[in-house]
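The questions below take the labels attached to a structural model and ask what each of them rests on.

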Amino acid sequence: METFTTSSLTILPTEIFEWALQKGYATALWRLPDSKTIHCLIDFSEKIEPQPLQVDEFNERKGFIFSPFENESLQKIFFLNADFYSNSAQTLTAESIFLLKDFNSKYKEFSDTPRSPVQLILPNTDLEKTQHLHLVEKAVGAIKGKTFQKVVLSRKMKVGISDALQISYVFQNLCALYSSAFVSVVYVPNCNIWIGASPEILVSVDKNNIFRTMALAGTQKYPEEANLSEITWTQKEIEEQALVSRYIINAFKKIRLREFEEDGPRTIRAGNLAHLRTDFWVNLNEVHFPHLWQVMLGLLHPTSAVCGMPKDESLAFIRNFEGYDREFYSGFLGQVNIEQETHIFVNLRCMQILPSLQEAYVYAGGGITANSNPEKEWNETALKMETILKAIG
Ligand SMILES: C=C(O[C@@H]1C=C(C(=O)O)C=C[C@H]1O)C(=O)O
């Protein structure tokens, strides 16, 4: 077996990720929005048990957080410790290389040699469509009957793939296609592989001590020939996004934090889609709030961009009628205290890859309000699914 030294072999984060995957270690590979640096982390533990969000501990621990949508009081957080961490902007230290015990050039082949392109095998969705249209009608009825104001309804679609997927290749495609998205792939034993390109920050704190979150909602197909300023929005979409902003402002109010800044809503592009987005931020150099991201995570998840308004009533509707387990879709994920930055995103525009690497579930949803049109809502989920499907075939 070939051994390696730092001088004869450069190891890329994608190759390390493939190695960890082969070994069955919990691992994450990611790229932050508008950055070229690719990060890779491995947790060598035998088992990753879900644990409660520990406010103090999570101020120190370096790792990658991964949460399902259903996570009452944030009791079920999967936290991958950064036993190994590297990024494409640094050279590996001897200490880190030591951790990659039997890494050899075999793993390089995984990312170096693109396999022949795979074909997507899409299912017939006639039945799912009928069910989704009924579900949306039911929700509109509940909204008109004042049970709640907004609910986000989603679906999953099983796709076949003609040949085993090369995960790092799909990851690289996503990075190339969506420069402003958070591109990530995570593997936790027993939870399959999740890959996606999320447009939505849930909570983040950067090196300059700026806390950020955002209200993202309202969706339309991005018209290739138009520019962002020409895109117009209907009253329905403006109100839907305003509900998400109000939800965030309410969270700040609950903790009596008045010193937040707000910018928007403005139109942004997320791949083939346009959304409305309001940015919120707090300068933590001026406001003393040492656990702000943890506290806000607890208050925000699930936001009204993925659940609804009010939260309890819309969540009950999802649980009763959506008819499937979202698992990690519309949960959250991202780096914690890596290079002194925490960036946690909503798990959207994502897919769960099954162990055969030839089957996957793609997920998407959309916000339903009193004026929603079921057919349009179905089309919106199909458009959102295209984001991830484009990176495969
Ligand atoms: C729920 C999804 O997206 C969310 C819902 C949106 C909407 O309802 O318009 C827009 C962006 C996201 O906040 C999804 O991508 O599955």
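A residue is buried if 20 or more other C-beta atoms lie within 10 Å of its own, exposed if 12 or fewer do, and partly exposed in between, with C-beta atoms placed from the backbone. The model is predicted, and local features need pLDDT of at least 70, side-chain atom pairs count only at pLDDT 80 or more, and totals for chains, interfaces and linings use all residues. Residues are numbered from 1 along each chain as its sequence is written.

Q: Why is His 343 called buried?
A: His 343 has 21 C-beta neighbours inside 10 Å, and the cut-off for a buried residue is 20 or more, so His 343 counts as buried.

Q: Where does His 343 lie, and which residues does it touch?
A: His 343 lies in strand S16, residues 341–346, where helices (H or I, at least four residues) and strands (E, at least two) are DSSP runs numbered from the N terminus. Two residues are in contact if their C-beta atoms, placed from the backbone, lie within 7 Å, and on that basis His 343 touches Leu 32, Ser 204, Gly 334 and Gln 335, leaving aside residues up to four places away in sequence. The C-alpha atoms of His 343 and Thr 213 are separated by 9.9 Å, although the two residues are 130 apart along the chain.

Q: What makes Thr 234 buried or exposed?
A: Thr 234 has 11 other C-beta atoms within 10 Å; as 12 or fewer defines an exposed residue, Thr 234 is exposed. Its place is the loop between strand S11 (210–221) and helix H6 (235–254).

Q: How do you know which class Lys 138 belongs to?
A: Lys 138, in helix H4 (residues 126–144), has 17 C-beta neighbours inside 10 Å. That count falls between the limits of 12 and 20, and therefore Lys 138 counts as partly exposed.

Q: Why is H1 described as largely enclosed by the rest of the structure?
A: Of the 11 residues of H1, 9 are buried, so the helix is largely enclosed by the rest of the structure. The buried residues of H1 include Pro 13, Phe 17, Trp 19 and Leu 21. Just after H1, Gly 24 takes a positive phi of about 80°.

Q: How do H1 and H5 pack, and which residues make the contact?
A: Helix H1 (residues 13–23) and helix H5 (residues 167–177) pack at an angle of about 145° with their axes 9 Å apart, where axes are lines fitted to C-alpha atoms, for helices over the stretch in contact, and angles run from 0 to 180 degrees between N-to-C directions. The contact is made by Thr 14, Phe 17, Glu 18 and Leu 21 of H1 and by Ile 167, Ser 168, Phe 171 and Gln 172 of H5.

Q: How do you know that the radius of gyration agrees with a compact globule?
A: The radius is taken over C-alpha atoms, and the globule rule is 2.2 Å times the number of residues to the power 0.38. For 393 residues a compact globule would have a radius of gyration near 21 Å, and the protein chain has 21 Å, which agrees.
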